[in-house]
Amino acid sequence: MQRFNGFFVNYQTPLARLITSRQSCSKLFVGGLCYDTNEPVLKQAFEQYGETVEVKVICDHKSGKSKGYGFVKFTSETAASKALKEMDGQLLDGRNIRISYAHKG
């Protein structure tokens with residue numbers, strides 16, 4: 001067994017192989033955002049790693065305020081992978097952001 005995203009996973013099972021193989025994608029989840037971080041700021045921080053096709057900061061429907069997380073989608077998996085490796089834990093607008101691959105759930 002090995003550790004994966006804080007969980008111990010037996011990589012021999014079909015489910016574990018599916019979960020880890022899905023990690024290769026071009027859409028990233030960005031958590032820990034400052035509530036003042038907007039989409040242009042997020043785009044500017046990530047576009048140095050490759051062309052982005054979508055940048056979204058998730059906001060509360062009633063108040064319109066940021067919920068502190070968002071998504072960045074790249075044109076390539078390579079760009080997403082590089083951004084994940086280099087931006088995870090970095091400061092953006094005074095907060096250490098957390099990056100992971102986005103999964104439909």
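Start by selecting the four strands that make up an open sheet: they run in the order β4-β5-β3-β8, and the pairing is antiparallel. Keep in mind as you look around that this is a predicted model. Now look to the edges of the sheet, where β4 and β8 each have a single partner strand, so one side of each has no neighbour in the sheet.

Next, pick β3 and β8, an antiparallel pair joined over four bridges. Click Leu-28 and you'll find Tyr-101 of β8 standing opposite.

Now for the largest nonpolar core, which has 21 residues. Select Leu-28, Val-30, Leu-42, Phe-46, Phe-74, Ile-97 and Ile-99, the ones touching the most other members. At least two core residues come from each of β3, α2, β4, β5, α3 and β8, and α3 gives the largest share, five. Go back to Leu-28 and display its contacts beyond four places in sequence: among them are Phe-46, Phe-74, Ala-83 and Ile-99.

Last stop: Ser-66, in strand β5 (residues 66-74). Is Ser-66 buried or exposed? It's buried, with a relative accessible area of 11%. Its side chain reaches the backbone nitrogen of Gly-68 at 2.9 Å.

Definitions and conventions. Residues numbered from 1 in each chain as written. Predicted model: local features only at pLDDT ≥ 70, side-chain atom pairs only at ≥ 80, totals over all residues. Heavy atoms only, no water. Buried < 20%, exposed > 50% of the residue type's maximum accessible area, 1.4 Å probe, protein only. Polar contact = N/O pair within 3.5 Å; in protein donor to acceptor, adjacent residues only side chain to side chain. Core = buried A, V, L, I, M, F, W, Y, C linked by side-chain atoms within 4.5 Å. Contact = heavy atoms within 4.5 Å. Pairing = 2+ DSSP bridges.
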